[in-house]
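Please read the numbered points with the model in view.

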Amino acid sequence: MGSSIVFAMATSGNSSFGVLRNLLGSRRDDHGAGEAAKSPEEQLLELAQDYERSGLGWFWSSNAEGRLTYVSECVAQVLGVAPGALVGQPIQSLFILDRDDDDPVERTLPLILSARKTFSELPVKAASEDAELWWSIAGRPQYDAQGNFRGYHGNGIDVTATRQSHKDASRLAQYDSLTGLANRHRMGKRLNAVLTAYRSAKRSCAIFMLDLDRFKQVNDTLGHPAGDELLKQVAQRLKRVLADKNFEIGRLGGDEFQVILPDIDDRGRLGELAMTVITMISQPYQIEGSRCVIGASIGIAIAPYDGINSEDLVRSADLALYASKGGGRGQFRFYSSDLHSEAERRRQIEEDLRDALGSGQMRVAYQPIVDAKTEKVVSLEAFSRWEHPELGDILPSIFIPIAEEANLIGPLGDWVLKQACSDAAEWPGGVKIAVNVSAAQFANPGFASSVAQALAHSSLPPERLEIELTESVMMGDRSTAEEIFTALKMLGVSLALDDFGTGYSSLSYLQHAPFDKIKIDKAFIRGVTDPANRNSAIIASIVGLADSLGMLTTAEGIEAHDELDAMRRLGVKQIQGFIYAAALSHDEVAEAMASGEWRIEANGPSKYRPDRRTVLRKVGLIHEDHRYEVMMRNLSRSGCMVEGLIDVPLDTQFVVDFGEGQLAVAVARRSAGSMQGLEFEIPLVDDGAGGLCTRHRVSPYTLAQAGMPLQALPPGQYPMQLMQQPGGGLSIPKFGQADLIKTKPVRVG
């Protein structure tokens, strides 16, 4: 809009037409001249008035003090005030200056006006509480003949629609259209900006890489629209759990999410937050009338420890995520340098697993399940075992998740079923054999036929076979699941609901599925003897429910006599766990059953100690300015037992160096010969992989002060130069060291 139609408004109380006419200095014929008699100035004045009334644009002016001397009536109407009430007010009272989040310089309207320069296309928000209205304003400074500043003349136009369109387009470029979360582009840009700023400020920043477990099964069974709805609900739960305004949540694509958590390096807090997220996401969903249960795995990396730029940090978090999924899913893992070798090992295991069945490397082991009262073995649960020719025995917790990801769980499960039936048919008596069946194996339309073939091939009576299922087999089409249940019951086999009570189980499962047994998950066994724990009440409720439905109950994972006594007191019918036996080979089972009735006497510690872990690893002990290498024998949250130093006095203070910047201040509470029991000043926290780690690590910024390069912490000992006092000389070592080569692993406690 040209400056010729913007004029100073010096008077209040008159109509805008009159003010404009007077300021123009024009004259009209009081008797009403025709249009042809109007001067160009008068016509321009009428055009300006018509322009104001149209709502397309408006005018304003101010004096040298920055107070309004004129503003169009349409502006007053928008702000809900009388037309004359705005005159005399500061110009900035009309507007709220817009600011781009990425603009490092915060401009203010008074600063712009004080510069006394022409400005244009300045986006501002109308200072209205009733409506969101945006204007683009322009202003030109005015001077008198002597060059004195007299104020501004300006104009504005409504750009609300244009701005909304631009905002929508910008949002589409930065946010995921399905969930409303930030997209990959925005998350990458945001993480780069945070890490760049935090590096100079020597601040930390953590990220979560989150992947949904069993999401593909929802897509395959319920369809992609159901999968989209599930992703929306997951996003809503993430927003509720991660409600801190400093956190940024994004969906990178598919079922992969990322969270940026600035200024957090406390691994205890991060682990607790990760478990809260996993627990919340793992609660059941209602999708189009179907009940869905998924899970989540999380990888955690922290800058600057695990990377100082976005590429390195994301790569570290991805590796931790890969490890958490490989560890059994539903877990979190912190990044550590040994994950690189672990990932390579997993790739080798996946390749070798494809040939393991055909080459005779797999076998089946059997863990007894005993009657709680008589201690008679009533059943045996079959477990797959893999004896790798090079790596030795590989735990099921490692190769089972790999088999699921590689679509090998079906063939493996069928082989275990057939082998278990064949072995059980050779055992005397009526002891049952229990076989775990995965959701993928159960969903196979020919599963019931596979069971029938295994029974026929082995000549095992159907009543001796027990199929163990988790609630995940009932995701998707319930009618199909019920058809398979019916077919199995017609065969005469028993059904057990495994892992009951983990937070996913629904009572409707017990109503619709013909289960004969409920297996209480071992997570409810831990802490059952603690008076402050509610697990005993929960177990009592499960037992009561099972009794009323005519179902048996089995408690898994019993290790100590206090847990066994509690299960008997609560009325659990069957017991399974190390207190009776670990998994045995087929020959060992056959030998034990050869004499007829098989009874096992409980044998275990009097009380369960959940925090004691037998370990065998070398660690460093720092005392004054010396570092000693010792062997750690066991580890708990509160302390550890080490061997290697001779005659250490009680209350001697050490710093335990676990490697990778993990230091723990500890005091010797027990000492005998070369064995010391150390108590940590700050308890350790879960590392997400069944182990323990320190809450904090030595920052690479601290290492940089000691002359080391700024990078992610390498493995190895803590640099001793940081322990030495400036200007101080080296002291003489206080302790002698034992020969660790000749020592043998022991369990201390």
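1. The model is a predicted one.

2. Sorted by class, the contact of H8 with H9 consists of six nonpolar residues, one polar residue and one charged residue.

3. The next element to inspect is strand E28 (residues 675–680). Five of its six residues are buried, so the strand is largely enclosed by the rest of the structure.

4. Strand E28 has pairing partners that deserve attention. Strand E25 (residues 639–643) runs antiparallel to E28 and is joined to it by five bridges; within this pairing, Cys-640 has Leu-678 of E28 as its bridge partner. Strand E27 (residues 662–672) also pairs with E28 in the antiparallel sense, here over six bridges, and Ala-666 stands opposite Phe-680 of E28.

5. Turning to charged pairs, the count of salt bridges comes to 26. One of them links Glu-468 and Lys-519, whose closest N and O atoms are 2.9 Å apart. Glu-468 belongs to strand E18 (residues 465–469) and Lys-519 to strand E20 (residues 517–520), so this pair ties together parts that are 51 residues apart in sequence.

6. Are the two members of that pair buried or exposed? Glu-468 counts as buried because its relative accessibility is 1%, under the 20% cut-off. Lys-519 is buried as well, with a relative accessible area of 0%.

7. Lys-519 also meets the side chain of Glu-556 in a salt bridge, at 3.5 Å from N to O. Glu-556 lies in the loop between strand E21 (552–555) and helix H19 (561–570), while Lys-519 is in strand E20, so the pair ties together parts that are 37 residues apart in sequence. Glu-556 is buried, with a relative accessible area of 12%.

8. A further salt bridge is formed by the side chains of Arg-637 and Asp-686, at 2.7 Å from N to O. Arg-637 sits in the loop between strand E24 (626–635) and E25, and Asp-686 in strand E29 (residues 685–686), so the link spans parts that are 49 residues apart in sequence. At 34% relative accessibility, Arg-637 counts as partly exposed. Asp-686 is likewise partly exposed, at 34% relative accessibility.

9. Within it, Lys-519 forms salt bridges with Glu-468 and with Glu-556.

Note on methods:
Residues numbered from 1 in each chain as written. Predicted model: local features only at pLDDT ≥ 70, side-chain atom pairs only at ≥ 80, totals over all residues. Heavy atoms only, no water. Nonpolar A, V, L, I, M, F, W, Y, C, P; charged D, E, K, R; others polar. Buried < 20%, exposed > 50% of the residue type's maximum accessible area, 1.4 Å probe, protein only. Helix = DSSP H or I, 4+ residues; strand = E, 2+ residues; numbered from the N terminus. Pairing = 2+ DSSP bridges. Salt bridge = Lys/Arg side-chain N within 4 Å of Asp/Glu carboxyl O.
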